[in-house]
Amino acid sequence: MRYVFLGNTLQEWGVALAVALGAAVLMYVTKCFVLRRLEAIARRTQTRVDDWFARILRSTYVVFMVVLALYLGSLLLDLPKKYGVGLWRIAVTAMMLQGALWGDAAVRSWRARLRANADSTAGATSAAIIDFVLRLLVWVVFTLMILDNLGFNITTLVASLGIGGIAVALAVQNILGDLLASLSIVLDKPFVVGDFIIVGENLGTVEYIGLKTTRLRGLGGDQIIFSNGDILKSRIGNQTRMETRRAAFVIRVRYGTDPDKLAAIPDLVKEIVLANERTANFERAHLFQLGEWSLNYEVVYWIKSPDYFVFMDTQQAIYLALIRAFQERDIDFAIPMRMIVRDPDDKEGELPPFDRPQQRGLPPAQTH
């Protein structure tokens with residue numbers, strides 16, 4: 001036991017090793033005990049906090065426990081300064097790596113929760129984008145901390161990265177703009193995958209939201225691709241989020257219709273609209289314009305469903321009911337007409353035989 005190695009006897013080395021072994025076993029047993037308790041609690045509760053801590057604890061690796069235990073044992077030894085500093089740096093580096101793994105596990109746990117709660121594939125896209133950014137941030141920060149602990153001058157490195165980052169940002173500013181726009185889409189959610197949207201003159205169903213582009217499936221089956229920056233600069237109409245659909249149309253009645261019949265048209269239209277079970281409510285019907293060849297009524301009402309096919313079916317049923325009601329009450333829809341006036345002495349301007357109004361049973365001064 002008198003043999004001395006690095007200024008410490010074999011007995012002192014043995015005690016230090018025993019302390020290190022005991023510390024490693026204690027940390028491992030504590031991890032297993034706490035992990036089992038957390039998993040048992042997680043099965044009984046609906047909260048996600050215990051699941052989150054359990055997943056982080058599972059990412060605690062034995063090798064880091066062993067490194068930390070060996071460092072604790074080395075504190076009992078009288079080692080040269082350079083060895084002490086080296087062991088300290090190794091232990092701190094190991095703890096930082098473990099901290100990076102904990103942060104990475106926390107981000108992945110959040111991503112799994114977001115995917116589980118998502119009601120469409122939009123959740124997966126959102127999770128992928130934010131997960132990429134957060135995990136990159138975690139590893140960059142911990143890498144810089146580890147390099148600083150190992151003695152590297154990270155001030156120069158950070159400054160170099162800053163200058164290089166500015167140059168790269170200027171070179172790929174469009175890509176970075178689309179990346180930031182994708183984060184804005186994910187966080188603000190003006191639309192998600194599966195929504196039917198209108199962007200300018202284009203419309204379609206959102207198929208994919210990526211880091212740079214958003215893709216729509218058009219009504220004709222074609223795929224429409226927008227850069228994320230461009231789509232956020234446009235006016236977006238999200239048809240999927242409609243709760244009800246507003247419908248409006250114009251009824252044109254011919255001049256010469258009895259005024260009493262004209263006065264009854266708004267109530268007649270209201271009765272027909274409210275009789276349809278798909279309409280939510282009737283807004284108005286008014287004679288709003290004395291047109292060139294017709295008396296124009298504007299009708300506005302609301303349909304319960306935002307579905308476009310429901311809208312078309314409801315509109316068709318109301319039109320057919322209006323046609324029947326007008327026939328029963330002898331109310332005529334207006335037909336566009338034009339007046340043709342010519343000089344009877346103008347032989348050159350005489351209409352061809354097949355265009356002469358008299359041959360079609362119409363008054364000489366007008367034709368359809």
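In which helix does Glu 39 lie? Select Glu 39: this residue lies in helix 1, which covers residues 10-44. Helices (H or I, at least four residues) and strands (E, at least two) are DSSP runs, numbered from the N terminus. Glu 39 is partly exposed, with a relative accessible area of 25%. Here, buried means under 20% relative accessible area, exposed means over 50%, and partly exposed lies in between (1.4 Å probe, protein chains only).

**Before moving on**

This is a predicted model, in which local features need pLDDT of at least 70 and side-chain atom pairs count only at pLDDT 80 or more, while totals for chains, interfaces and linings use all residues. Residues are numbered from 1 along each chain as its sequence is written, and side-chain values use heavy atoms, with hydrogens and water left out.

**The whole protein**

The protein has ten helices and twelve strands. Of its 368 residues, 31% are buried. Consider next the contacts, meaning heavy atoms within 4.5 Å. Among contacts between residues at least 6 apart in sequence, 61% join residues at least 24 apart.

**The loop between helix 7 and strand 3**

Select Lys 189, which lies in the loop between helix 7 and strand 3. Lys 189 is not a glycine, yet its phi is positive, at about 55°. Its relative accessible area of 38% makes Lys 189 partly exposed.

Now go to Asp 195, which is placed in the loop between helix 7 (173-188) and strand 3 (196-199). Is Asp 195 buried or exposed? With a relative accessible area of 7%, Asp 195 is buried. Show its surroundings: leaving aside residues up to four places away in sequence, Asp 195 touches Gly 204, Thr 205, Val 206, Asn 238, Thr 240 and Arg 241.

**Helix 9 against helix 10**

Two packed helices are described by the angle between their axes and the distance between the axes. Select residues 259-275, which form helix 9, and residues 308-328, which form helix 10. Their axes come within 10 Å and cross at roughly 135°. Axes are lines fitted to C-alpha atoms, for helices over the stretch in contact, and angles run from 0 to 180 degrees between N-to-C directions. Helix 9 and helix 10 are therefore oblique to each other. Angles under 35 degrees count as roughly parallel, over 145 as roughly antiparallel, 65 to 115 as roughly perpendicular, and the rest as oblique.

Which residues make the contact? Helix 9 contributes Ile 265, Leu 268, Val 269, Ile 272 and Val 273, and helix 10 contributes Ile 318, Ala 321, Leu 322, Ala 325 and Phe 326. By class, this contact has ten nonpolar residues, no polar and no charged ones. Ala, Val, Leu, Ile, Met, Phe, Trp, Tyr, Cys and Pro count as nonpolar, Asp, Glu, Lys and Arg as charged, and the others, Gly among them, as polar.

**Salt bridges**

How many salt bridges does the structure hold? There are ten salt bridges, each a side-chain nitrogen of Lys or Arg within 4 Å of a carboxyl oxygen of Asp or Glu.

- Select Arg 254 and Asp 332: they form a salt bridge whose closest N and O atoms are 3.0 Å apart. The pair links distant parts of the chain, 78 residues apart, with Arg 254 in the loop between strand 8 (245-253) and helix 9 and Asp 332 in the loop between helix 10 and strand 11 (338-339). Arg 254 is partly exposed at 35% relative accessible area, and Asp 332 is partly exposed at 33%.
- Select Asp 313 and Arg 278: their side chains meet in a salt bridge (3.8 Å, N to O). Asp 313 belongs to helix 10 and Arg 278 to the loop between helix 9 and strand 9 (279-290), 35 residues apart. Asp 313 is partly exposed, with a relative accessible area of 40%.

**Last stop: Asp 330**

Select Asp 330, found in the loop between helix 10 and strand 11. Its phi is near 55°, a positive value in a residue other than glycine. At 54% relative accessibility, Asp 330 counts as exposed.
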